[in-house]
Amino acid sequence: MIGGRWSWLFAPSRADLGFALRTSCAAILSLLIAMWMELGSPQWAPLTVWTVATASRGESFSKARWRLAGTAVGCCVGVALIAAFPQEAGLFFICLALWAGLCCGLATVFDGYRSYGFLVASFTAAIVATDGIASPDDAFFIAMARGTYIALGILCEAVLAMLFSPGLRERARGALLARLRGVSATARQGLESWQGAVPGPATESALLADIMAASGRIEFDVLEMGPAAGRVADHARAALADLLAAVARRRAGAPWDAVRRTLDAGARHIDAIAEPRAGDRFRFRARSVRQATQGLRNGARVAAGVLAAAVVWYVTAWPSGIGFIAYVVLVYGLLATREMPVLASAGFARGAMWCALVAGAYVLLIVPMVTAPEMLAFCLLVPMVVGGLAARTPRLVNHAFSFNMFLPVLIGPSNAGRYDESAFLNGTMAFLAAVFFAGAMFRLVLPFRPDEHLRRTMAWAERRLSGLATGRSVPSARAWLMTNADSMVRAVRTGRDVPGERLFAYFASHMAVTVRGMCVLEIREAMADGTLPVPVARRLAAFLRAWTRNPARAVRLVPVLLRRADMQVLEREDLAIALRAIVRQHG
C-alpha cells in the first residue's frame, strides 16, 4: 500500500515533504502574527499563504504580484458597491453578478497569473461587499483588513520560501537551460526519425505539449533570476518558436537540411542564454490568444450563478445566505477558468467534504482544550502538512486546493473566543452548499462540451488564416506557430472524452491550417524584405489577394509561381518550400 496509492503520504519525496513543511510553517506563522496583531479574522492570512504557494519560486512571485493587484482593485469595487447601493439589495446583487462575470470572462482570455489577478478582483469585491452589508459604514475598514490579511500571508510565504531557497538565481538559469536543451534534443531526435514518414497525431501532439510546457515555465524562471535575466525570456521563446517552426517545416515536406537549419537557429538562442552578451538587444514577442466566445460563455455562466445564489438567499431568508453568496463567488473565482471546470469542481467538492470533517473534529474536540494560540498552531501542523503533500500529488491537486485553503477558515481561530458549534455548523453549511451549488451550475449553465470546443477552435483558426494574406496587423510566422501550438495543445488536453479518431482528425486539420498560415506569412516576409525581383513580387501579391478571396483558386496559381521562383530566385529556397507546402496541405 505504501508503494502504491498512498505513497504520497507514507513515502513522500524530499521535495514534496519540504514544500509541505515550508508552506505549513508559513501558514501557521501568518496565523500567529494575525492573532498577535488582534486582527478580526486572522484565518484569511493562512488562506492567502496556501493560495500563493507553489513548488516554484517564480510561480509564487508571479501569483503574489497579481494577487496583490487583484486585491487592491477588488477592495475598491467592494467599497463602491456598498456605497452605491446601501439600501437596494436587488441592484447590489445585479452589479455584483455583473462584476464577477466581467472578471471571470476577462480572466478566460488572459494567460498565466494575469488571469488569476482578475479572479482575485472578483471574489475580493464579493467578500468585502457582503461583509459590509451588516455594517455599511465599516466597508472601508473591512477592505483595509482584507488587504492586510493578504499582504501578511504573501509576506510570510515569501520569507520562508527565500530562507529555504538559497542560490535561487543561479539554479533558475541552470534549470531553464536544462529544460530548453532537453526539449530541443527531444525535438531533434524526433524530427530525424520522421524523415521516412510523417508521424501520427499522437506523436506530434506529445512533442508540441513538451514545447509549450517549456514555454509556460519561462516567465517563472526569469522572475527567479531577477534583474540579471537580461534578454533571457526573448531568447528562450525564440528558441522554442524555432522548434515549432522545424516541426511545421517537417510536416510541410521541407528537406532535412532546411529543418536542420531551423533547429540550429534555435540552438544559437539557447547558447545566447548560456553565455549572455553585453549590450544584447534581441526582442521576441509572443502571446497566447484565447477565444472571445469562451470568455463570454464563462462570464455569462458566472453572472447567472451569482444571481441564482442571490435569489436563493432572497427567497429563503437564510441567515447564512450572505456567506453563501460570498462563498459562491469565491468558488467561481477559483474554478471558473479551469480548462474543465466540471472535473475540477468534483475534486474540489471532495476536498471540501474532508475539510469540513477535519474542521469539525478540531472545533468539537481540539480547540476547546487549547489555551494558547501557539498550541493551536502546533495542532494545525499535522493536517496542513498532509494537505501540502496532497497538493504535490497530481490526482489530488483539486482535493488539496479546497482542503488547504478553507481549513483555517472553517475552524475560525480568534482571540476573542473559540468558534462555537452553532456558528461552525452554519458557516460550514454555507460553505458546502456554495461548493455543490457552483458545481451544479457548471453542469447546467452553458456547460463545457469538448467536441463543441474543438469545432469552435477549428473555426477560429480558419478565420484567422483567411486574414493573414492581406491583413495589416498580422503576427510573425513564429508568433503564429506559438499561438496555434498553444491552442492545439489545450484543445487536445481538454478533449480527453472525445473519441480518439475525431480528436486526432481535429489535430491533423488544425496542424494543416497552422502550416498553411506559416507559409503565407513567410511569403509575406519574403516580399517585405525588398529583395525579390519585381515580376515575382507582383505574382506573389496576386496570389495573396486571391488567397484572401478563395484559397482553393489561389492554389492553382502556385505552379506558375514555382516556375517563376525557380527561374529567378534560386537562392530563396524557403519561398519555394512555402509554396510547395501550400499545395501539399490543400491536396
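Predicted model: local features only at pLDDT ≥ 70, side-chain atom pairs only at ≥ 80, totals over all residues.
**Exercise 1. Determine which type of aromatic pair tyrosine 113 and phenylalanine 220 form.**

Solution. A pair of aromatic rings is described by the distance of the centres and the angle of the planes. The structure holds 16 aromatic pairs. For tyrosine 113 and phenylalanine 220, the ring centres are 5.7 Å apart and the planes stand at 45°, so the pair is tilted. As to position, tyrosine 113 lies in helix α6 (residues 112–131) and phenylalanine 220 in helix α9 (residues 201–225); the pair therefore links distant parts of the chain, 107 residues apart. Both tyrosine 113 and phenylalanine 220 are buried.

**Exercise 2. Characterise the pair of phenylalanine 324 and phenylalanine 437, and describe helix α13.**

Solution. The centre-to-centre distance is 5.6 Å and the angle between the planes is 75°, and the pair is edge-to-face; the cut-off for that class is over 60 degrees. Phenylalanine 324 is part of helix α13 (residues 321–335), whereas phenylalanine 437 is part of helix α17 (residues 421–444), and 113 residues separate them. Phenylalanine 324 has a relative accessible area of 3% and is buried. Phenylalanine 437, with 17%, is also buried.

Turning to α13 itself, 14 of its 15 residues are buried, which leaves the helix mostly covered. From first C-alpha to last, α13 reaches 21 Å, close to the 21 Å expected at 1.5 Å a residue.

**Exercise 3. Identify the residues of the aromatic cluster and the rings that have a charged group over them.**

Solution. One aromatic cluster is formed by Tyr327, Phe348, Phe401, Phe406 and Phe431. For the charged groups, two cases are to be noted. Lysine 63 lies over the face of tyrosine 116, 5.2 Å from the ring centre. The charged end of arginine 392 sits over the ring of phenylalanine 19, at 5.3 Å from its centre.

**Exercise 4. Describe how helices α2 and α15 pack against each other.**

Solution. Two packed helices are described by the angle between their axes and the distance between the axes. The axes of α2 (residues 14–36) and α15 (residues 373–391) come within 8 Å and cross at roughly 145°. The crossing of α2 past α15 is right-handed. Residues making the contact include Phe19, Leu21, Ile28 and Met35 of α2, and Leu380, Met384, Val385 and Gly388 of α15.

**Exercise 5. Examine the phi values of alanine 317 and leucine 446, and state where each residue lies.**

Solution. Most residues other than glycine have a negative phi. Alanine 317 is not a glycine, but its phi is positive, at about 55°. This alanine 317 lies in the loop between α12 (292–316) and α13, and at 58% relative accessibility it counts as exposed. Leucine 446 likewise has a positive phi, near 45°. Leucine 446 is found in the loop between α17 and α18 (450–466); at 33% relative accessibility, leucine 446 counts as partly exposed.

How values were computed. Residues numbered from 1 in each chain as written. Heavy atoms only, no water. Phe/Tyr/Trp six-rings, centres within 6.5 Å; stacked < 30°, edge-to-face > 60°. Helix = DSSP H or I, 4+ residues; strand = E, 2+ residues; numbered from the N terminus. Buried < 20%, exposed > 50% of the residue type's maximum accessible area, 1.4 Å probe, protein only. Lys NZ or Arg CZ within 6 Å of the ring centre and 35° of its normal. Expected span 1.5 Å × (residues − 1). Axes fitted to C-alpha atoms, helices over the stretch in contact; angles between N-to-C directions. Left-handed = near helix turned anticlockwise from the far one by under 90°. Contact = heavy atoms within 4.5 Å.
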